[in-house]
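Dear colleague,

Please find below the structure for your review. My notes on it follow.

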Amino acid sequence: MSDILFHYEKVNPTSWAYLSSLLMLALFFKFTRIWSLRNLDLLLLIALAPGLLLTQYGLENIEATRILKLGFMWLHAVGVLLMIRLLVDPAFVRRPLLEPNLNSAGLGFLGGALLFFLMANIVTGKPKLGDVSPGRTAAAIREGQESDELEATFDTTGPGYWLLYLMPRITTQKVIAGGTSRPAPPTESDTAEDLQQNKVLKATARVMAILSQVSIVTGLLVIGARHFENGAAGLAAAAMYLLLPYTALWTGDVRHVLPASLLVGAVALYRRPIAAGVLLGLASGMIYYPVFLLPLWCSFYWRRGVKRFAGGVLLAIAVLVIVAALIDGSFDVFRDHFMQMFGLRVPTINPTMGIWQFWDGWYRLPILALFVALAFSFIAWPEPKNLGHLVSGTAALMLGVQFWHAHDGGLFIAWYLPLLLLTIYRPSLEDRVALSRVAEGWWQVRQRRRAAAG
């Protein structure tokens, strides 16, 4: 950025947390209605910042284990409050229209400027040494070679699509100034092919992160304008998403933003069940956890569109499986990747990452059982489901994943943050049900025409 803007320096995450919190209060806090739900939501969003900063500091400083534990505990405590907020959202029938304190033109300009700076940080950012280590095993994976490093990678990355875990994180912000975030230097064992592969991985990660962030912002704008019939609500949600410190800290991590863009896209295309199913299927194949959204989404489409939605999900997952089979060099490697993709293994009892490195891993099992019960409870509750229930339920389930996710659970806020913002700004959507908003399939149209002709 210093090449574009003279003497430009990145804002420290701690300073940005203070500045962004003040900006959010100035833009979205309703000073004329202090005791309002909107203000409570805003304070809960701002409360995520201390936990993020503490966690980031602990991750960058290996000796700060107490700070790291405090950061994860803070994030989980705020997550519990957000979960309660999302679960009771269907009970709020009255949803008054509370416009931001800045008009739409000002919000659009601010959001565009923030998006420009965030994307520029991705382009100029550097991956750290630990962020490119999974990429160094890509050649061994394709050749089907076995190595201790490869097996360790499988043990620590968690369920999901293995190609996604090869993408390095582009570091755009650092809490600790110093050498901990310096880029990974080439080693003597690196061949020209390895160096070229790392360059391709870094470029691919940058492009995917930029496209994902743009897709999230575009999806929020489309949902606000088309489905909420309120462009200002979409602008407010997009501006708040770009203002939050989390977005600045994890802008360049594909594992955070790519699944989020797919989930937002599925909501934006909810009137087209096949397209929504394909996007949700891609998200399920990428990180596995959106599989638990299927009961909620199938229940939403049950009266119309459930077969098309299920077909889209199966199509997307089949494509991912075929791609993995073509890339893998042997059946044994493909079997391992297939099992990792669908989480076909016993839950980890003694995780070494996230909050569960400090807590007894056995407590994950009852939390996981409660989460599964919540996922299947959406089949019958609430009934009938509208778009508002779909958005809040999806956000609640992706937030619930953070409580039992064994690998840095609590940090993947992007998986539910855009949907949480849509829940905050959504109007009453009682008429947005599948039976009235989703068009009939070609087979239903054909049968109806035959009946009319007969």
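Is K385 buried or exposed? With a relative accessibility of 5%, K385 counts as buried, where buried means under 20% relative accessible area, exposed over 50% and partly exposed in between (1.4 Å probe, protein chains only).

This is a predicted model, in which local features need pLDDT of at least 70 and side-chain atom pairs count only at pLDDT 80 or more, while totals for chains, interfaces and linings use all residues. Residues are numbered from 1 along each chain as its sequence is written, and side-chain values use heavy atoms, with hydrogens and water left out.

K385 lies in the loop between α16 (364-377) and α17 (387-404); helices are DSSP runs of H or I with at least four residues, numbered from the N terminus. Not counting residues up to four places away in sequence, K385 touches L296, S299, F300, F378, I379, A380 and V433 (contact means heavy atoms within 4.5 Å).

The structure also holds 20 aromatic pairs, meaning rings of Phe, Tyr and Trp (its six-membered ring) with centres within 6.5 Å; planes under 30 degrees apart count as stacked, over 60 as edge-to-face and the rest as tilted. F292 and W404 have ring centres 6.0 Å apart and planes at 85°, so this pair is edge-to-face. The pair links distant parts of the chain, 112 residues apart. F292 counts as buried at 14% relative accessibility, and W404 does at 7%. Ring pairs join F292 and W404 with Y288, Y289, F371, F412 and W415 in a cluster.

How values were computed
Helices (H or I, at least four residues) and strands (E, at least two) are DSSP runs, numbered from the N terminus.
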